[in-house]
Amino acid sequence: MINLRNIRTGVIGVGHLGRFHAQKYAAISKLAGVFDEDGERAAEVAAELGCHAFPSVGALLAEVDAVSIATPTSIHFAAAEAAMQAGVHCLVEKPFTLDTEEADALIGMAQERHLVLAVGHIKRVHPAIQHLLQAGYGAPRYLEAERLAPFKPRSLDIDVIMDLMIHDLDLTLLLTGAEPVDVRAVGVAAVTDKADMANAWMTLNNGTVANLAASRVVREPARRMRIFWQDRYASVDFLNNTLHIYHRGAGAVPGIPGVRDEAVELPKRDALAAEIEDFLNAIAAHRPVFCDGIAGRRVLAAALQVRVAVEAFLQH
């Protein structure tokens, strides 16, 4: 039995999301402390969790084995580079980095130093996605997703593609095992100076087509995905933790003869705790993580393709 309490952990950036990272580490590992540019915020989180508020990133890195990086995206590269130079394993929140060049540099450092580099694509651990991956249905033919959220005054350093759509881009690549070859997209900068709403239509190199919509300026949130194979389709509601699989050829859904509705009972799961525990177990047991740097780079590259298409649309 691996004792995760022996792993010394820390968090760089303890804003809204980073505080949750620190809470999970405190529950399952030896949380040494936190760092934030806002010293008062760091002190507040440290007092809450009974750990140390370090005065600098370097001071924190000298006392930990593993760290979460939950800073603004523009700082991800510098923080992860410093961590790996100090021999510290890294879990970097999404989006991984600003560009693929930064991602490649971090991947190379992790490989050279034999360090675990994880990227926080947390939707991978959702029970519905895990069920579908284990079901053995193969690559779907078509996917559509809606990820809509009310406006919140955070994560405004990135557009809605990197903020919200990137989750469904990651799931699309994960479920298909394929790469986008044709990407078309539209977007609108409704509230900020970046795209706040976007819709992307992409064809992947295995023939799968995906239609993804994201907005951070709606009144009512929605997080849904529908996934179609030749003889069935799955409907996932991430907000309500439900999964229905509609099979062709048996049973009868009212109004749709010859279709059976399988309502899959999903366990409740603390996704962030599961992601962090997976990261720590990968360190302790020398095994792969749910989402490594290479996977994080793949979805970053896809998101950048969508951004290019959206920016071209906005310029017309």
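This is a predicted model: local features need pLDDT of at least 70, side-chain atom pairs count only at pLDDT 80 or more; totals for chains, interfaces and linings use all residues.
Residues are numbered from 1 along each chain as its sequence is written, and side-chain values use heavy atoms, with hydrogens and water left out.

**View 1. Strand 1 next to strand 4.** Strand 1 (residues 8–12) and strand 4 (residues 66–69) run parallel, joined by four bridges. Helices (H or I, at least four residues) and strands (E, at least two) are DSSP runs, numbered from the N terminus. The two strands belong to an open sheet of six, ordered 3-2-1-4-5-6 with parallel pairing; strands pair if DSSP finds at least two bridges between them. At the edges sit strand 3 (52–53) and strand 6 (117–120), each pairing on one side only.

**View 2. Two helices over the sheet.** Helix 1 lies across strand 1, strand 2 (30–35), strand 4 and strand 5 (89–93), at about 170 degrees to strand 1. Helix 8 lies across strand 1, strand 4, strand 5 and strand 6, at about 155 degrees to strand 5. Axes are lines fitted to C-alpha atoms, for helices over the stretch in contact, and angles run from 0 to 180 degrees between N-to-C directions.

**View 3. Helix 1 meets helix 8.** The axes of helix 1 (residues 16–28) and helix 8 (residues 271–285) come within 10 Å and cross at roughly 60 degrees. That makes the pair oblique (under 35 degrees is roughly parallel, over 145 roughly antiparallel, 65 to 115 roughly perpendicular, the rest oblique). Helix 1 brings F20, H21, K24, Y25 and I28 to the contact, and helix 8 brings L272, A273, E275, I276, E277, F279 and L280; contact means heavy atoms within 4.5 Å.

**View 4. A salt bridge from helix 1.** R19 and E48 pair up through their side chains at 3.0 Å, N to O. R19 is in helix 1 and E48 in helix 2 (residues 39–49), 29 residues apart, so the pair links distant parts of the chain. The whole structure has 19 salt bridges (a side-chain nitrogen of Lys or Arg within 4 Å of a carboxyl oxygen of Asp or Glu).

**View 5. The hairpin of strands 11 and 12.** Strand 11 (residues 222–228) and strand 12 (residues 232–237) run antiparallel, with five bridges joining them. Three residues lie between the two strands of this hairpin. F228 has Y233 of strand 12 as its bridge partner.
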